[in-house]
Amino acid sequence: MTDLVSTHRDGGVVCVTLNRPQKKNALTGEMYDALLAAFETASSDQDVGALLLSGEGGVFTAGNDIGDFLASAQSAAKESASTPASRFIRALARFEKPLVAAIEGQAVGIGTTLCFHCDLVYAAPSARFLMPFVNLGLVPEAGSSMLAPMRFGRARAAEYLLLSEPFDAETARELGLVNAIVPAEELRAHALSKARALAAKPRAALLATRRLMRGDSEALYAHMEAELGEFWRALRSPEAKAAFTAFLEKSKAPV
Ligand code: COA
């Protein structure tokens, strides 16, 4: 098991921390597998009432590891159904317990799109959200092509999904993606206190309320599968491979 994702219990809260700061917490296949394992443990443990996500080193995550993207693009596999990333994305959307995120610094790609699945998101002033899928020759994932227009309205979502413009913590708060902006030195403690508060609630009522707030998820799951199909095709396109190679050769930052 990798130590690039660390997990510890704080009473009824599972705290999951991305811990690859030298690579801006970019997510590899083994990190997605570790995240998936943490989510599964949190799901099955009756004593767990909430899961808190954060990143080490002043950054949340730079998104999927671009070297991994290139390796997948060059692999012979015909579909993406069983990649660690797609397994994690499905588990994220189907997770039934409250999810809290503490976002500091870059939250790129999945770093932003997973926030749509969180119940409470707290951000440091340094938080910077970005969904650079189109710039990379890719399409959005984790339901974000449905959830961003629902949350932000289609006009604002187009700025972030079609133009791939970054947005800061204050904008994320205005858009309803972030609950509050908290000084960096207080961020994790603040998010943890909220996660603890959730975990201390009457569990059945909490989970039922969350389910009711999320509504019928079947349309979302179907949309996510459509995204994954498009994503896999896009990943193998010449333009995506060129964007990955350019980043890895440091000739061009995609963001
Ligand atoms: N995949 C693989 N490696 C990554 C990475 C990623 N997504 N993001 C950062 N890294 C690596 C860099 O290559 C660099 O490695 P090195 O020290 O061996 O040269 C290290 O992490 C530090 O990144 P750097 O680019 O120097 O940091 P920065 O603060 O100048 O910029 C980002 C941070 C996030 C803006 C920039 O790294 C970036 O654009 N990353 C790619 C984001 C992306 O497109 N992700 C895919 C989303 S779908």
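Trainee: In what order do the 6 strands of the open sheet come?
Mentor: This is a predicted model, and in it the order is β1-β2-β3-β4-β6-β9, with mixed pairing.

Trainee: Which strands stand at the edges?
Mentor: β1, residues 5–10, and β9, residues 180–181. Each has a single partner strand, so one side of each is left without a neighbour in the sheet.

Trainee: What packs on the sheet?
Mentor: Helix α1, residues 29–44, does. The helix touches β1, β2, β3 and β4, and its direction makes about 155° with that of β3.

Trainee: Back to β9. How many bridges join β6 to β9?
Mentor: There are 2, and the two strands run parallel. β6 covers residues 120–123.

Trainee: Which residue is the bridge partner of Y122?
Mentor: A180, in β9.

Trainee: And β2 with β3, in what sense do they pair?
Mentor: Parallel, over 6 bridges. If you want a place to look, V13 stands opposite A50 in β3.

Trainee: Is β3 mostly covered or mostly open?
Mentor: Mostly covered, as 6 of its 6 residues are buried. That holds for both faces: A50, L52 and S54 point one way, L51, L53 and G55 point the other way, and all are buried.

Trainee: Changing topic. What about α2 and α11, how do their axes cross?
Mentor: Two packed helices are described by the angle between their axes and the distance between the axes. For α2 (residues 66–74) and α11 (residues 238–248), the axes come within 9 Å and cross at roughly 145°.

Trainee: Is that crossing of α2 and α11 left-handed or right-handed?
Mentor: Left-handed.

Trainee: Which residues in α2 and α11 meet?
Mentor: From α2 the set is I66, G67, F69, L70 and A73. They meet K241, F244, T245, F247 and L248 in α11.

Trainee: Now the whole chain. How many helices and strands?
Mentor: The protein chain has 11 helices and 9 strands. Its radius of gyration is 17 Å, close to the 18 Å that the globule rule gives for 255 residues, so the chain is as compact as a globular protein of that length.

Trainee: What does the C-alpha trace span?
Mentor: About 50 × 40 × 35 Å along the principal axes.

Trainee: How much of the chain counts as buried?
Mentor: 51% of the 255 residues.

Methods: Residues are numbered from 1 along each chain as its sequence is written. This is a predicted model: local features need pLDDT of at least 70, side-chain atom pairs count only at pLDDT 80 or more; totals for chains, interfaces and linings use all residues. Side-chain values use heavy atoms; hydrogens and water are left out. Two strands pair if DSSP finds at least two bridges between them. Helices (H or I, at least four residues) and strands (E, at least two) are DSSP runs, numbered from the N terminus. Contact means heavy atoms within 4.5 Å. Axes are lines fitted to C-alpha atoms, for helices over the stretch in contact, and angles run from 0 to 180 degrees between N-to-C directions. The radius of gyration is taken over C-alpha atoms; the globule rule is 2.2 Å times the number of residues to the power 0.38. Buried means under 20% relative accessible area, exposed over 50%, partly exposed in between (1.4 Å probe, protein chains only). A crossing is left-handed if the near helix is turned anticlockwise from the far one by less than a right angle, and right-handed if clockwise.
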